[in-house]
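Here are my notes on this chain. Please read them beside the coordinates.

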Amino acid sequence: SYYTKFLRPNDLKYMEEAKGLTGKIVYMTPLDYFECCADLVGISAENLIRTAKEDKVILNHLTNVINKYKVRFPITMLDYASKGQEGKHRMIVAGNLLGWDHQFPVLVVNKLEEIIDD
């Protein structure tokens, strides 16, 4: 996928030089993740969690897959450059299964100029 480019050194160098974007893995709890998502979309973390928890079909499916096949989820992502996220349902399930104080890897993408200016 597009986001795997931030996980491989040669591809990351290309993304930084050609696109002005960088990415790194940051460990955070599900609540931390939802607070960051809330900043991206402009609503509260509590509302994001509540609405994600309403998607019971998706959450049950993800929980069943993890329990039955013992697979790991793809990494969750916060993209500050494009103001997007991927993985809120996976983060709900991860928090429910392993604990809301457990830290999980999250790919965080930023514009290089915003990192340098900070």
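1. Element order. From the N terminus the chain runs α-β-α-α-α-β-β-α-β-α. That gives 6 helices and 4 strands. Elements are DSSP runs numbered from the N terminus: helices are H or I with at least four residues, strands are E with at least two.

2. Provenance. This is a predicted model, in which local features need pLDDT of at least 70 and side-chain atom pairs count only at pLDDT 80 or more, while totals for chains, interfaces and linings use all residues. Residues are numbered from 1 along each chain as its sequence is written, and side-chain values use heavy atoms, with hydrogens and water left out.

3. Main core. The largest nonpolar core holds 21 residues. Such a core is a set of buried Ala, Val, Leu, Ile, Met, Phe, Trp, Tyr and Cys residues joined through side-chain atoms within 4.5 Å. Buried means under 20% relative accessible area with a 1.4 Å probe, protein chains only. Met28, Tyr33, Phe34, Leu78, Met91, Ile92 and Val106 have the most contacts inside this core. H2 (30-41), H3 (45-53), H4 (56-69), H5 (88-98) and strand E4 (104-111) each supply at least two of its residues. H2 gives the most, with 6.

4. Met91. Leaving out residues up to four places away in sequence, Met91 touches Pro30, Tyr33, Phe34, Thr76, Phe104 and Val106. Contact means heavy atoms within 4.5 Å.

5. Whole chain. Of the 118 residues, 36% are buried. Among contacts with a separation of 6 or more, 69% join residues 24 or more positions apart.

Conventions:
Buried means under 20% relative accessible area, exposed over 50%, partly exposed in between (1.4 Å probe, protein chains only).
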